[in-house]
Amino acid sequence: MTAKIAYDDVEIGTELPAQTFPVTRATLVRYAGASGDFNPIHWNEKFAKEVGLPDVIAHGMFTMAEAIRVVTDWTGDPGAVVEYGVRFTKPVVVPNDDKGAQIEVSGKVAAKLDDNTVRVDLTATSGGQKVLGMSRAVVRLA
């Protein structure tokens with residue numbers, strides 16, 4: 001695959017289409033099975049509260065993966081992501097109800113780099129709180 005976005009068509013400040021990702025307890029159970037991370041803070045409300053959390057929380061790597069989807073959907077090529085890093089700032093709290101939580105992600109081209117690459121800065125929030133800090137991806141464009 002090749003990125004569908006051309007480097008010459010992108011400017012600093014170009015905004016990527018924002019997306020909202022739903023997260024339910026069922027989502028967390030499926031992710032735990034796929035990742036092998038069965039830490040009870042991600043599925044056991046009683047345990048999560050006993051260790052000082054407000055409720056069950058989403059896996060950090062799950063949150064990170066959902067956020068980068070804004071970039072991969074924009075480029076049309078997951079392989080276009082050259083680098084990606086975040087800092088986990090707040091947990092995504094997932095209540096045991098029919099709604100769960102939502103992760104809202106937006107992105108903006110922050111820099112044009114060498115070799116047809118750009119740096120995209122992402123903002124990820126849940127429940128009105130920023131859940132990822134320093135969320136940045138370097139992406140190779142067409």
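Biologist: Is Leu-113 buried, partly exposed or exposed?

Modeller: Buried means under 20% relative accessible area, exposed means over 50%, and partly exposed is in between (1.4 Å probe, protein chains only). Leu-113 has a relative accessible area of 33%, so Leu-113 is partly exposed. This is a predicted model: local features need pLDDT of at least 70, side-chain atom pairs count only at pLDDT 80 or more, and totals for chains, interfaces and linings use all residues. Residues are numbered from 1 along each chain as its sequence is written, and side-chain values use heavy atoms, with hydrogens and water left out.

Biologist: Where is Leu-113 found, and which residues is Leu-113 in contact with?

Modeller: Helices (H or I, at least four residues) and strands (E, at least two) are DSSP runs, numbered from the N terminus. Leu-113 is in the loop between S3 and S4. Contact means heavy atoms within 4.5 Å. Leaving aside neighbours within four places in sequence, Leu-113 is in contact with Tyr-7, Val-118, Arg-119 and Val-138. Leu-113 and Val-138 are 25 residues apart in sequence, yet 8.7 Å apart in space, C-alpha to C-alpha.

Biologist: What lies over the face of Tyr-7?

Modeller: A charge sits over a ring if NZ of Lys or CZ of Arg is within 6 Å of the ring centre and within 35 degrees of the ring normal. Here Lys-112 does so, at 4.2 Å from the ring centre of Tyr-7.

Biologist: How is a helix face read?

Modeller: Look at which residues are buried. In H1 (residues 25–35), these include Arg-25, Thr-27, Leu-28 and Ala-32. They span an arc of only 150° around the axis (taken from the directions from the helix axis to the C-beta atoms), so they lie on the same side of H1. The buried residues of H1 pack against strand S1 (15–23), H2 and H3. The face turned away from the buried side carries the exposed Arg-30 and Ala-34.

Biologist: How many aromatic pairs are there?

Modeller: Rings of Phe, Tyr and Trp (its six-membered ring) pair if their centres lie within 6.5 Å; planes under 30 degrees apart count as stacked, over 60 as edge-to-face and the rest as tilted. The count is 1 aromatic pair. The ring centres of Tyr-31 and Phe-62 are 5.4 Å apart and their planes at 65°, so the pair is edge-to-face. Tyr-31 lies in helix H1 and Phe-62 in helix H3, so the pair ties together parts 31 residues apart in sequence.

Biologist: And His-59: buried or exposed?

Modeller: His-59 counts as buried, at 1% relative accessibility. His-59 lies in the loop between helix H2 (45–50) and helix H3 (60–75). Its side chain reaches the backbone oxygen of Asp-37 at 3.1 Å. Not counting residues up to four places away in sequence, His-59 touches Leu-28, Tyr-31, Ala-32, Asp-37 and His-42.

Terms used:
A polar contact is a pair of N or O atoms within 3.5 Å; within protein, one must be able to donate a hydrogen and the other to accept it, and residues adjacent in sequence count only if both atoms are side-chain atoms.
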